[in-house]
Amino acid sequence: MALLAEGADALDVQGCEIFEVVKICGDDGLLEAVQLVFLDDRSLPLTVWTDWSLAVELRSDVVVPQYLWPPEEGVRVVIPGLSDLSFEVGEVVPRFNDAAELFEVQFVLGGRQLLVGSTGGNLIIEIE
C-alpha cells in the first residue's frame, strides 16, 4: 500500500470514476469509516480521528486501513445505489471548523449527494 495523499490534499478527486462506496463497520456493527473505491484500484477512506476531525487518505489499495484496529475484523458493506455502477465525482466540498480542521465533506456522485462528517466524535453519512 502506498499512501498517495492525506487530509484536504486527498480530496483532489473531482472527475475520477468510482464504482463502489462502502461502509466499514467493526465486528460490533458500528460505522468506523466510509470508503470510495475508484476504477483504477485506488480508494479514499474517511473516518473520525482521535481529535474528532475527519481523517481522509487517498490510497493505492482497496483494503480496510490498518489504523481501524484490528483491521481483519473490519467488515466492508456496500452502500446500495452508490455501487455496481460507474459514477464520476462531480464535486467535492470540504468544510472546516474554526480550528481549520476538516470535519465534513460533501461529494456529488453522478448527480447524487454523499455527505460524510464527524459530529461529536461520531462518523455520519447522509445520501440524497
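**Side-chain contacts and their labels**

Mentor: In this predicted model, Arg95 and Glu104 form a salt bridge, with their closest N and O atoms 2.8 Å apart.

Trainee: What makes the contact between Arg95 and Glu104 a salt bridge?
Mentor: The N to O separation is 2.8 Å, and the criterion asks for a side-chain nitrogen of Lys or Arg within 4 Å of a carboxyl oxygen of Asp or Glu, so the contact qualifies. Elsewhere, salt bridges with shared partners join Glu57, Arg59 and Asp61 into one network.

Trainee: Which salt bridge involves Glu20?
Mentor: Glu20 meets Arg76 at 3.5 Å, N to O. The pair links distant parts of the chain, with Glu20 in strand E2 and Arg76 in strand E6, 56 residues apart.

Trainee: Why is the pair of Trp49 and Tyr67 called edge-to-face?
Mentor: The ring planes stand at 80° and the centres are 5.4 Å apart. Centres within 6.5 Å make a pair and planes over 60 degrees apart count as edge-to-face, so the label follows.

Trainee: What is the charged end of Arg42 doing?
Mentor: It sits over the ring of Phe38, 5.1 Å from the ring centre. Arg42 also forms a salt bridge with Asp40, their closest N and O atoms being 2.8 Å apart.

Notes
Residues numbered from 1 in each chain as written. Predicted model: local features only at pLDDT ≥ 70, side-chain atom pairs only at ≥ 80, totals over all residues. Heavy atoms only, no water. Phe/Tyr/Trp six-rings, centres within 6.5 Å; stacked < 30°, edge-to-face > 60°. Lys NZ or Arg CZ within 6 Å of the ring centre and 35° of its normal. Helix = DSSP H or I, 4+ residues; strand = E, 2+ residues; numbered from the N terminus.
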